[in-house]
Amino acid sequence: MRIMSITKRVTKELLRDKRTLALMFLAPMFILFLMKLVFSVNSTTSVNIATVNVQSGLVSDLDKVSHIDTHKYSLSKANDALKNGTVDAVVRYKNSEYYVTYANTDASKTNATKAALKSSIIVNNMGQLKRSLLRFQSQVPQVPEKTSKSGAIKIHNKYLYGDKDTNFFDKIVPILMGFFVFFFVFLISGMALLNERTSGTLYRLLATPVKRSEIVFGYMLSYGFLAILQTLIIVLFTIWALNVEVVGSVFYVILINFVLALVALAFGILMSTFAKSEFQMMQFIPLVVIPQIFFSGIIPMDSMAQGVKFISYILPMKYAGDALTGVVMNGYSIGQIIIPILVLLLFLVVLTILNIVGLRKYRKV
Amino acid sequence: MNDISVITLNNVVKRFGKQTVLNHVNMQIYPGQIVGLIGPSGAGKSTIIKIILGMELADEGSTNVFGKQMPNRRLLGRIGYMAQSDALYESLSGRENLQFYADMKGLNKRSSDMQIMHVAQVVDLTSSLDKRVNGYSGGMKRRLSLAIAMLGNNDILILDEPTVGVDPALRRSIWAELKKLRNQGKTIMVTTHVMDEAELVDEVALLLGGRIIAYSDPYSLKQYYQVNSIEEVFLKAEAINNAYNVNY
């Protein structure tokens, strides 16, 4: 029952600390909201498309798409303009096929171009179809024919930078979601135990017959409860406010984040034993927290040297990042995420044992 | 008085790095006594307390409490401890603090309610029990801290500077309570800087430079050093000790 008393006490303290609560719940939402603003700016910046030998009907249709400007160029001039950044894409019409080259330095511009081109071709075809249909005096619109016709036109895509999968924002959102959970739980749980140590209450607590494991589990329960709430809020906010499409199950996303939060909690408590003050706890952020981002999958792992890649295997964020990306972007099933989750649980068990042993520093039994 | 000591320190040596904090300390504390541990800061008072509680391990020698080797987690249920710092949960109320430690001591609901009422009365905090601790004055915090130490069925009370920042009237009532507990057969160990408090204890242990240089009742000590107060005993003992160190 001591575990429950500790849980109750820690939770009470947390709930009365309004500022920390705000940090845990509002700060991630605030940052995610800022990101939405920052990233949605891209879709409203205008995209410049160079057209080479494209029929004027399609060009005017392209121009009608908002934030798209077209410029007619000769082939060589168009390629020069693409290289020096004057235009974002070159559309060339040759042998009734479209050859598109994207600068692709900004994935959102590439996507805007693709979407605009696609819709313009459809609109353009529909116009042609309509005209031919009118010629036949037909009143019945033939839907299947329209789509099949637009599909018949071939678009060849080429990229100056990266490939068609380059979509930075989509790539980082699932990982960022996990990272926020990790970061805030790590920091706040570490601070809580540190505070208990510097205020002397930990010694006082250890002067009672409480077991060391009861203290660790009491903390885990109360912060686990908080982590569930935080995870729910971050995940739901990401899905609704950021309109991030989750291909797989939302439940898995929450599950992964929750396990990650427990790891962060155990990790924070462990790190706090190496800190003498809050300031020293903050010093772990660049040492311990930031590397988690580098190896979480935000930066493509396959481009890293083999030795460097090895570092990622000891960082919990890598496993969470893999699993989250898999569920959000590729719709992984439980069978595909079970291994990263098991690895995270292994981290949790090891860190928890280390914490229980670590409290020996303050009481020898 | 009982012959069997409740706390026994046997040739205890404790070093932190190169510094020897406790140098062959021997101590036998018997039940039904109030023992005052006095000595300048850095003499090793807190280290003795930590070793008795099992928070630190002695490098040499042994420590027994209730005849059992320390450290021993279960025995902590019979020891009440009040640290030098108040060590309270500031965002909780006085009652919530007491309730939490009562749970940690393993008291059941009924006896914890009773005990909380009792200890709050002893330290005169009954009326502010439901206020949050961060609104308490320094003296109130000290009293709450003492109340927490009194919770539970303790046979030993270890109090590190219990009456700092407590006004004289309340100090008197706290001492009255300590004497009552002593008369019930409990053992109380008190560290203090206040020398006139040292007159109130049954036995004085003078700790200097990691050694117990005197251990006796206040009256005999004063006679031995031929002075009128414990304060003078302390000063004289310190002077002799220093002279001894200079000579060798």
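Select helix H3 (residues 56-64) and helix H5 (residues 107-135) of chain A in this predicted model. Their axes come within 9 Å and cross at roughly 125°. H3(A) and H5(A) are therefore oblique to each other. The crossing of H3(A) past H5(A) is right-handed.

Now show the side chains at this crossing. From H3(A), pick A:Gly57, A:Leu58, A:Asp61 and A:Leu62. They meet A:Ala116, A:Leu117, A:Ser120, A:Ile121, A:Val123, A:Asn124 and A:Gly127 in H5(A). Colour by class: the contact has 6 nonpolar, 4 polar and 1 charged residues.

Next, the sheet of chain A. It is open, with 5 strands in the order S2-S1-S3-S4-S5 and mixed pairing. Strand S2 (68-72) and strand S5 (154-159) of chain A each have a single partner strand, so one side of each lacks a neighbour in the sheet. Neighbouring strands are turned by 25° against each other on average, direction ignored.

H4 lies across S1, strand S3 (89-94) and S4 of chain A, at about 160° to S1(A).

Zoom in on strand S4 (residues 97-102) of chain A and S5(A). These two pair in the parallel sense over 6 bridges. Find A:Tyr102: it stands opposite A:Tyr159 in S5(A).

Finally, bring in chain B. Here 25 residues of chain B are in contact with 24 residues of chain A. On the chain B side, helix H2 (residues 94-104) gives the largest share, 5 residues. That side divides into 13 nonpolar, 6 polar and 6 charged residues.

Conventions. Residues numbered from 1 in each chain as written. Chains lettered and ligands numbered in written order. Predicted model: local features only at pLDDT ≥ 70, side-chain atom pairs only at ≥ 80, totals over all residues. Contact = placed C-beta atoms within 7 Å. Helix = DSSP H or I, 4+ residues; strand = E, 2+ residues; numbered from the N terminus. Nonpolar A, V, L, I, M, F, W, Y, C, P; charged D, E, K, R; others polar. Axes fitted to C-alpha atoms, helices over the stretch in contact; angles between N-to-C directions. Parallel < 35°, antiparallel > 145°, perpendicular 65-115°, else oblique. Left-handed = near helix turned anticlockwise from the far one by under 90°. Pairing = 2+ DSSP bridges.
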